[in-house]
Amino acid sequence: DTATPEQIQAYAGYWLCAPEAELVNIATAPAARRQGWGRAMLTHLLADGLRRGVATMFLEVRPENIGAQKLYEQFGFIRCGLRRHYYGQNQHAFLYSLNTQ
């Protein structure tokens, strides 16, 4: 199954509370995965954050989402903590941060 140009391929967003930001979501449609959408969106969000004065960006990721962790680490994010029960009972999240300055 392939996505058509009229369909949303991916989306992303972050909360800004300068000088910090929280990346809240990067999602890609299953048919559009492994095509660079996540990398492009993360690049855009980081550039936008820099323009808006973000010095540190944070994000949470599920421990089993190895692909996302690798992507974030390629951009320089560092695992800096664990948020227990972040996704519900017994579903923790790794906390990552990136100093952009």
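Colleague: Let's start with cysteine 17: does its relative accessibility make it buried or exposed?
Modeller: Keep in mind that this is a predicted model. The cut-off for exposed is over 50% relative accessible area. Cysteine 17 has 60% relative accessibility, so the residue counts as exposed.

Colleague: And how many disulfides does the count come to?
Modeller: A disulfide needs a pair of cysteine sulfur atoms within 2.5 Å. For cysteine 17, the nearest cysteine sulfur belongs to cysteine 80 and sits 17 Å away, and cysteine 17 is in no disulfide. Cysteine 80 is in no disulfide either, its nearest cysteine sulfur being that of cysteine 17. By this rule, the number of disulfides is zero.

Colleague: What does cysteine 80 count as, given its relative accessibility?
Modeller: Buried means under 20%, and exposed means over 50%. Cysteine 80 has 42% relative accessibility, so this residue counts as partly exposed.

Colleague: Moving on to methionine 41, is that residue buried or exposed?
Modeller: Methionine 41 belongs to helix α1, which covers residues 37–51. Buried is anything under 20% relative accessible area. Methionine 41 has 18%, so the residue is buried.

Colleague: Which residues is methionine 41 in contact with, leaving aside neighbours within four places in sequence?
Modeller: A contact here takes heavy atoms within 4.5 Å. With those sequence neighbours set aside, the contacts of methionine 41 are Ala10, Tyr11, Ala12 and Ala27.

Colleague: How far apart in space are methionine 41 and glutamate 73, C-alpha to C-alpha?
Modeller: Along the sequence, 32 residues separate methionine 41 and glutamate 73. In space, their C-alpha atoms are apart by 15 Å.

Colleague: What radius of gyration does the protein chain have, next to that of a compact globule?
Modeller: The C-alpha atoms fill a box of roughly 40 × 35 × 20 Å along the principal axes. A compact globule with 101 residues would have a radius of gyration near 13 Å. The protein chain agrees with that, because its own radius of gyration is 14 Å.

Colleague: Last one: what share of the accessible surface belongs to carbon and sulfur atoms?
Modeller: Of the 101 residues, 37% count as buried. The accessible surface of the protein chain comes to about 6600 Å². Of that surface, the carbon and sulfur share is 51%.

Notes:
Residues numbered from 1 in each chain as written. Predicted model: local features only at pLDDT ≥ 70, side-chain atom pairs only at ≥ 80, totals over all residues. Heavy atoms only, no water. Rg over C-alpha atoms; globule rule 2.2 N^0.38 Å. Buried < 20%, exposed > 50% of the residue type's maximum accessible area, 1.4 Å probe, protein only. Areas by Shrake-Rupley, 256 points an atom, 1.4 Å probe, with all protein chains shown as cover. Helix = DSSP H or I, 4+ residues; strand = E, 2+ residues; numbered from the N terminus.
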